[in-house]
Amino acid sequence: MEKQAMLQDKVMVVTGAGGGIGRDIALALATEGARVVVNDIGAALGGEGRDAGPAQRVAAEIRQRGGQALVNTDSVASAEGAAAIIAGALQAFGQVDGVVNNAGILRDRIFHKMSEDEWDAVLKVHLYGAYYMSRAIAPHFKERMSGSLLHMTSTSGLIGNLGQANYAAAKLGVVALSKSIALDMQRFQVRSNCIAPFAWSRMTGSIPSQTEAEQARVEKIRQMTPAKIAPLAVFLLSDAARGVNGQVFCVRNNEIFLMSQPRPMRSVQRGQGWTPQTIAEHAMPALQASFVALDRSADVFSWDPV
């Protein structure tokens, strides 16, 4: 007996689906039976310009494989754009079952030299975009008493990275947003989860690679293709993941990680309370043993991929 596709007759919206991780997720969703809204404004990595070509090519590829796809080029960086994406999906397909918040840009700059525009532009697409899209679909999900949101976060937010204060802040903000949505919307059977993907794309292609160590690191990341991310995305958007909510996953090549949630690591208590001096003398020496080093060597990018 032929196994039914995991997303048969469902409708999925994927932002930033014109290339990279978004493209592979869109194709995988269609392969599993979903009708896909392929959203991409076709901008450069920094967010400049417009080109409908990338979204059109992915939609055409889905149709060539026998699937159904709708092209959308509205921007997630405004509430109006997000509303138009959802409205177009509902008009074309009558329902939406899942949204993948994948659209993103980069404006890398060392923190003390970063401009307000570089800060605002990145947060508008990543964090505001995830909020606008999630907010736009929330009434529909509530009415249907079902739905799944999937947000792309990053180890730049979970761990930190040089020259990416804007991107890191946005991506960690996306995690907090996802957790809050998960709590607020669980009564309506709506789920919200995150993936921190390890994959070679336009964004990781901007990683500096001047030294031998940097070149070796980049070469490892090249092995992690966007297609490796798609299976987990399909699962999290399917009914098979109905018990998964408010979680953060990483995918690195053939590995899937469940990331820890922030929890107290160690505590100190003093019956008579604390002064700055007693904190320095007693509290900090006890707590410092549990400090996590601020060191990119702790990043999973440095591990050998399986």
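## Parallel strands around β4

Four bridges connect strand β4 to strand β5 (residues 147-152), and the two run parallel; strands here are DSSP runs of E with at least two residues, helices are runs of H or I with at least four residues, and both are numbered from the N terminus. Two strands count as paired if DSSP finds at least two bridges between them.

The model is predicted: local features need pLDDT of at least 70 and side-chain atom pairs count only at pLDDT 80 or more, whereas totals for chains, interfaces and linings use all residues. Residues are numbered from 1 along each chain as its sequence is written, and side-chain values use heavy atoms, with hydrogens and water left out.

In a regular strand the side chains alternate between the two faces of the sheet. Strand β4 (residues 98-101) has G98 and V100 pointing one way and V99 and N101 the other way, and all are buried. Buried means under 20% relative accessible area, exposed means over 50%, and partly exposed lies in between (1.4 Å probe, protein chains only).

## Overall composition

The secondary structure of the protein comprises nine helices and eight strands. Of its 306 residues, 48% are buried. The accessible surface amounts to about 15,500 Å², and carbon and sulfur atoms contribute 53% of this area; areas come from the Shrake-Rupley method with a 1.4 Å probe, and for residues only the protein chains shown count as cover.

Among contacts with a separation of 6 or more, 69% involve residues 24 or more positions apart, a contact being heavy atoms within 4.5 Å.

## Helix α2 and its surroundings

Helix α2 (residues 53-64) has 12 residues and reaches 16 Å from its first C-alpha to its last, close to the 16 Å expected at 1.5 Å a residue. The expected span is 1.5 Å times one less than the number of residues. Just after α2, G66 adopts a positive phi of about 95°.

The buried residues of the helix are G53, P54, A55, V58, A59, E61 and I62. Their cover includes α1 (20-31), β2 (35-39) and β3 (69-72). Strand β3 contains N72, which counts as buried at 9% relative accessibility. Leaving aside neighbours within four places in sequence, N72 is in contact with V37, V38, N39, D40, A55, A84 and I85.

## Salt bridges

Side chains of opposite charge can pair when their charged atoms come close. Eight salt bridges are found in a search of the whole structure, each defined as a side-chain nitrogen of Lys or Arg within 4 Å of a carboxyl oxygen of Asp or Glu. One network of salt bridges links R23, D24, E61 and R65. R23 is partly exposed, with a relative accessible area of 27%, whereas D24 is buried, with a relative accessible area of 16%.

Another salt bridge joins the side chains of R109 and E118 at 2.5 Å, N to O. R109 counts as partly exposed at 39% relative accessibility, while E118 is buried, with a relative accessible area of 10%.

## Cysteines and helix α3

The structure holds zero disulfides, a disulfide being a pair of cysteine sulfur atoms within 2.5 Å. C194 counts as buried at 1% relative accessibility, and C250 is buried with a relative accessible area of 1%.

A79 lies in helix α3 (residues 79-93) and is partly exposed, with a relative accessible area of 38%. The C-alpha atoms of A79 and A136 are separated by 7.8 Å, although these residues are 57 residues apart along the chain.
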